[in-house]
Amino acid sequence: MIIELGHFAVITALILAMVGIASPIIGLKKRDAVWVEVGKQAVTLNFILISIGMLAMEYSYLMQDYSVRYVYATSNSKLPIFYKVAGLWGGHEGSLLLWSWILSFFCMLAARIHWKTQPAVMPYLIAMQSTVMTGFLLLILFLSNPFERIFPVPPDGRDLNPLLQDPAMVMHPPFLYLGYVGLSIPFSFAMAALFSGRLGEEWIKATQRWTLMAWLCLTIGILMGGYWAYYELGWGGYWGWDPVENAAFMPWLVATAFLHSVMVQESRKMFKVWNLFLIILAFSLSLIGTFLVRSGILSSVHSFAADPGRGLFILGFLSFMLLLSFGTLIFRSAKLKSQIEMDSVISREAIFLFNNLFFLVAMVTVFIGTLYPLLTEALQFKKVSVGPPYYNTVFMPVALGLVFLMGIGPYIPWRKASVQNLKELFFMPGLIALGGLAVFAAVGIRHSYALAGLTVVCFVAAVIFIDFAKIASFWAKREQVSSLQGFLTAYKKNPRRLSGIITHIGVLVMIIGIIFSTIYQTEKVMIMKPGEEVNLGTYRIKLIRLYGAQGVNWEGQEALFNVYQGETLLTQLRPQKRFYTVSQTPTTETAIHQIYTGHIFVTIPEVAPDGSWARVRALHNPLVLWVWYGGAIMGIGVILNIFRKSRTKVSASQPETTAPEVVISLPRPAQEEVLHRSNRWQTFLNTVWPGRKEV
Amino acid sequence: MAETKSSSGGVRGWQIALLIGIFGLIVLFYKGLWGNPSYIPPVLIGTPAPAITAPDLYQPKEVSLSQFRGKVVVLNFWASWCQECKLEHQTLLELKDRFSKNPNFVMLGVNYQDKEDLAQQYLKEHGNNFDHIRDAKGRISIDYGVYGVPETFVIDQNGVIRHKQIGPIIGETYTYLVEQVIEPLLNGTAKAS
């Protein structure tokens, strides 16, 4: 009964989503703001309705109602409650429901937050968001309905995929979706800017925090996925260039480019069309990613069963969105002219341009790699699998270039840098980097990428910390305080810049982690019998014994290893080979011992049935934790950036926000709130709609 | 300072390129929907085998395919991490034994994206009676369009690929390979493809 209620709520939501498309457009045509208000209410109601749908599904999970096909497919009575709740996004249908729930939440939130400050954007925002919403709800209701029942009712569920029974994996999809869907808000603002012709900086300023939030969630989601792959999949790495990982990585790359290039528009009024292009691309890549994952068009470890009908629908919807957004960009931008040209190649804007190009090259690299199987098939090439070697060869130089630019971009002056500037800024760091190179070579680092990477990291770190010292002592002198307080003052003066730099420091830490944990990884794979031992760098691992083990919903074998350094026993490790009884799936459970910030990592992918031997995979991953520490520092930087106080500068957007207020002071005979609002709207729309001029 | 460009107003090159790109992508996705992700075009059969020069797995020497010209070569791609390779390993040993008297028969293993010590250990564990070369960087596999291991190629006396087997050689596949492919080639009774 409850599930039918949820189903009905979502059906109603579909109708309301269509209302949400139509009514703001009618409002624009008729210049009647009541219609826009209707759109806003529809969007709010939509959030409530889809929440009911979500709750109904969760209720069925908790009540163990296996007459619901989707619950049956992704849950089991033996499952811990945490995973019962998370079972909702353990499959295709529920993932889509979660996607649209987040979309409805963001849409409602955006409509409420920006209702007063960005009235001109609202009709477009509501219509755009509702279009995406309609697409997803149609897909949910007609092609992948989680509310469907089965008969006869099975006694118990088929269980959640054991690989997904992991805390990191439970939170990984929601964060990714928050990121994907979060990008839809700046995307809608950009579309509004294109439609209304108000292509100034307002849409960028208004969506700054949305973009940062989406970027943060995407980053967290990607890192969680990496963490999960690292210790749940048990192949010892955190990134495998899997199509689904790439699907999340591509929008991330473009969103990162966007976050940087908007600064150029804010400061120099350049890159207007470029920024629109980037945000449209970023959101389109989120949709393409969803298409790639959900249509089963590419085979990967994540793919769900292929269904051409479903794929066809998603493709149709995707094509519609791509043509609508890029089409609008193409036709509207024909009227735009780039107003300012670059003064010098040695300037901050030029560095930003390189930054953008590098990010796009990186994205195209990943894009081609991901779609290569499709390309070969369509063009009848020889079938070649594109694996990590391809990505590492192409991606590494680009990444190095980006890190290098990170040391230059934030410090080089706008417009044109003089030789004197460059010398002051980069001479010392250059020397330090050369010194670093000599030290690294002397320590015995010979791998060319490791040397180049560490030298660049050294250079950028030197630039950053010399700059920190400079600003700290400047403010300390000026305010007569200690240099630490001086630094804090500097931070308060320009929180946006310095929180950005913190994120950059996080990137450096992560790069160090990546370099060491990949290039200096020690790996041993062999058959071991109890009593045998193997050397792993300076460590020694001894298999003590193999024995049976059991959990609530699995049974399997466990191995006991002693880890020695020299003759001292460091720790004991107990990796497992599990077999989940309900879903009949084997998994390997990793055992990890942390040494400083590195890991000793042991798995047993194969155990003899009689327990006489085990295939052992042992790794030493030095500094691997730096990857996640770096991620955490990046996150802190972005969070500081999101919650910083906006500088109360008299901005260009001032006149727009005051415009409606003027209307309020006009005589208003109508007492009703809605009418009052619509009056305000009316006047405003009259000024906005016929205008459609460039600001 | 900054100059203002005269507005062209028209559609520029990048806009057309973008539009074409989008349409291309949609067509690609559409084609992909109906395709089978594991389809492999049989382009190599009947064509000259790509040249190979690669280090031997055990000895510090280079082995090249051209030195076997005039012989029938069975080229088997494998890796120690590959589960299916274990299935066919005993049959491979049997295959080699069966033709070991024939001087015109050569069997060559290509160790694909593997580590030297792991590969050697694998052979020690499972037994070995033929030569192996290393394809550490996957170049040979790319030339031969190897999609996954195991894959086996049969190359005739003229250096032409005559047969390609995807997946393990066991049971009927083995019988077919021996009776319908290798024996006719060795006896010179094979039909030209």
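Let us begin with one pair of residues: B:Leu75 has B:Phe153, in strand E6 of chain B, as its bridge partner. The model you are looking at is a predicted one, so please read what follows with that in mind.

This residue pair belongs to a longer stretch of pairing. Strand E3 of chain B, residues 72–78, and strand E6 of chain B, residues 151–155, run in the antiparallel sense and are joined over five bridges. Strands of a sheet pair through backbone hydrogen bonds, either parallel or antiparallel.

Stepping back, you can follow an open sheet of five strands in chain B, in the order E5-E4-E3-E6-E7, with mixed pairing. The edges are held by strand E5 (131–135) and strand E7 (161–166) of chain B; each has a single partner strand, so one side of each is left without a neighbour in the sheet. On average, neighbouring strands of this sheet are turned by 20 degrees against each other, direction ignored.

A helix joins the picture here. Helix H5 of chain B, residues 172–187, packs on the sheet and touches E3, strand E4 (105–112), E6 and E7 of chain B. The direction of H5 makes about 170 degrees with that of E7(B).

Now let us turn to chain A. Its domain assignment gives domain 1 (1–165), domain 2 (169–297 + 309–410), domain 3 (411–518 + 631–643) and domain 4 (522–621). Between domain 1 and domain 4 of chain A, the C-alpha centres lie 43 Å apart. Their contact takes eight residues from domain 1 of chain A and seven residues from domain 4 of chain A. On the domain 1 side of chain A, the touching residues divide into three nonpolar, two polar and three charged.

Conventions. Residues are numbered from 1 along each chain as its sequence is written. Chains are lettered from A and ligands numbered from 1 in the order in which they are written. This is a predicted model: local features need pLDDT of at least 70, side-chain atom pairs count only at pLDDT 80 or more; totals for chains, interfaces and linings use all residues. Two strands pair if DSSP finds at least two bridges between them. Helices (H or I, at least four residues) and strands (E, at least two) are DSSP runs, numbered from the N terminus. Axes are lines fitted to C-alpha atoms, for helices over the stretch in contact, and angles run from 0 to 180 degrees between N-to-C directions. Two residues are in contact if their C-beta atoms, placed from the backbone, lie within 7 Å. Domain bounds come from an automatic or database domain assignment. Ala, Val, Leu, Ile, Met, Phe, Trp, Tyr, Cys and Pro count as nonpolar, Asp, Glu, Lys and Arg as charged, and the others, Gly among them, as polar.
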